[in-house]
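Please look through the sequence and the model first.

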Amino acid sequence: MKKSFPDSTVFILQETDEMRHPYESALRAIGAEIVWFHSLSSLLEGQRTEPMALIVDLECLRQPTEPEIENLRAQFPNSELLALSASDSAQLALQCIRSGFGDFLLKPTSPEELAYSIRKALQRREFIQKIKDPRAGVVRAITQITGCATPTLVRLYSLEAILKVTGGKGAAWISLDKKGPEYTKVLCSVPKRTPTSKITFDLPFEKINFEASQPIAMKSSKSATRKLLLPCRDFPEGAIFVWGIKEKITRKAISAATILTDQAEISLLNIRKFDEVKQQTFIDDLTGLYNSRYLKYALANSIQRCKAPGQAFSVLFIDVDHFKSINDKHSHLVGSEFLVTIGKTIKNAVRSIDPVFRYGGDEFVVILHGAKTDGAREIAERIRKNIERRLFVIKEQRIQTTVSIGLATFPDHASDMETVLRLADEAMYSAKRQTRNAVHIAFEGSALGKIAKQAL
């Protein structure tokens, strides 16, 4: 029997559960109902109505090749699809986009970023459903507009698309002022670098009703061509002005141009909102590493991977020795850039699969997947030696430093994420209290406060 779901349903295909609660909370906040699947087979088995959107963690695919991705797209032709991936491969992203995915998000993906992407996909879907004639190229234009990453690109793509549907010779995104055309600002134009004086000269300023926000179409007083003014959402300040239209402007053309203008305004709003969302994500603003907010999810994921017997992972807690003196001697600006360089040095010393976090201040954490204590000790020593031997040059200031590192292994030293992190932290402080520039390892009994020093 075919199973039906509400129109607001979002399917999530992801093997692990560590992000289930935060993802569901964020998506329910925008009115979505969530159905979770842990395998591709469970998603595809049986007959069911399509969801509003499908979020796919590409790790659930046997091989995320283009045919497999296209096949998944074909199973849900009317749904918005979003891909989550741990790989930043441009080729993989292109495969997803070519196959009809609306977005490609890198993990770790924060709940806010995921909700933002769903909202963006649904806005695009809403506008596409309004279009009666897809041959007009409006669907493709909307896709281009929503894919733009900067306000300038959004405006330029929009102007080019509006010129195509109206047949105009030129267009400009302008900021109007009731005082008169001489106060009008041109944000961008097509063709580029069209003189502002030419644009303002053609503006039908006397016919603009600043209290209304309706498109204005009229003939040019100087030629047989026509002009079109398209108010933006922030009218009367913002508008799109099109000139040099040879044919009569049809209702269909005005409707398409209005849809493109609306979509451009939504895209600009999305870019502004996304800048705000990025402040709440899992990335540290200073170093570009993961932040402490994501650490608990990453640790939960690591424990999930270690359910099978014999599996393990290790945690390194790293602290820069005498960092305060670096700030005092060289300034906080130099100190901040120095932390960025330290973060890169740590990241370069571990594998690409091992996440590195800025825990706070001058403290860093590394999760070493599949690494037991002996292997983790070798990696910790490599990090320690790489930093000890390096002369850092920051803003022409020459700096040398060392780090103290604590190491704890799951499940040898602890069987839960809070304890394994705490023991690594305690081991780090043991190194710092004794000699600094050292790697200390937690005993199996360090929950009782026993810490062993690993000799250099």
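A salt bridge here is a side-chain nitrogen of Lys or Arg within 4 Å of a carboxyl oxygen of Asp or Glu. Arg 20, Glu 24 and Arg 28 are joined in a network of such bridges. The model is predicted: local features need pLDDT of at least 70 and side-chain atom pairs count only at pLDDT 80 or more, while totals for chains, interfaces and linings use all residues. Residues are numbered from 1 along each chain as its sequence is written, and side-chain values use heavy atoms, with hydrogens and water left out.

**The chain as a whole**

The chain has 14 helices and 19 strands. Helices (H or I, at least four residues) and strands (E, at least two) are DSSP runs, numbered from the N terminus. Of the 456 residues in the chain, 53% are buried. Buried means under 20% relative accessible area, exposed means over 50%, and partly exposed lies in between, for a 1.4 Å probe and protein chains only. A contact means heavy atoms within 4.5 Å. Among contacts between residues at least 6 apart in sequence, 63% join residues at least 24 apart.

**Salt bridges**

The whole structure contains 12 salt bridges.

| Lys or Arg | Asp or Glu | N to O distance |
|---|---|---|
| Lys 432 | Asp 319 | 2.4 Å |
| Lys 395 | Glu 337 | 3.2 Å |
| Arg 422 | Glu 426 | 2.8 Å |

In the pair of Lys 432 and Asp 319, distant parts of the chain are linked: Lys 432 belongs to helix H14 (residues 417-434) and Asp 319 to strand S12 (residues 313-320), 113 residues apart. Lys 432 is buried, at a relative accessible area of 17%. Asp 319 is also buried, at 5% relative accessibility.

Lys 395 lies between strand S15 (392-394) and strand S16 (397-399) and Glu 337 lies in helix H12, so the pair ties together parts 58 residues apart in sequence. Lys 395 is partly exposed, with a relative accessible area of 45%, and Glu 337 is partly exposed with 32%.

Arg 422 and Glu 426 sit in helix H14, and because they are four residues apart, about one helical turn separates them. Arg 422 is partly exposed at 36% relative accessibility, and Glu 426 is partly exposed at 25%.

**Helices H12 and H13**

Two packed helices are described by the angle between their axes and the distance between the axes. Axes are lines fitted to C-alpha atoms, for helices over the stretch in contact, and angles run from 0 to 180 degrees between N-to-C directions. How do H12 and H13 pack? Helix H12 (residues 332-349) meets helix H13 (residues 373-389) at an angle of about 140°, and their axes are 9 Å apart. H12 and H13 are therefore oblique to each other. Angles under 35 degrees count as roughly parallel, over 145 as roughly antiparallel, 65 to 115 as roughly perpendicular and the rest as oblique.

From H12, the contact takes in Ile 342, Thr 345, Ile 346 and Ala 349, and from H13 it takes in Ile 379, Arg 382, Ile 383, Asn 386 and Ile 387. By class, the contact of H12 with H13 has six nonpolar, two polar and one charged residues. Ala, Val, Leu, Ile, Met, Phe, Trp, Tyr, Cys and Pro count as nonpolar, Asp, Glu, Lys and Arg as charged, and the others, Gly among them, as polar.

**Backbone features in loops**

The peptide bond from Val 190 to Pro 191 is cis, with omega near 0°. Pro 191 is in the loop between strand S7 (185-190) and helix H8 (196-202). Another cis peptide bond joins Phe 410 and Pro 411, with omega about 5°. Pro 411 is in the loop between strand S17 (403-410) and H14.

His 322 is not a glycine, yet has a positive phi of about 55°. The loop between S12 and H11 holds His 322. Arg 436, also not a glycine, has a positive phi of about 60°. Arg 436 lies in the loop between H14 and strand S18 (439-442) and is partly exposed, with a relative accessible area of 30%.

**Lys 324**

Lys 324 is located in helix H11 (residues 323-330). Lys 324 is exposed, with a relative accessible area of 61%. The C-alpha atoms of Lys 324 and Gly 335 are 8.7 Å apart, and the two residues are 11 residues apart along the chain.
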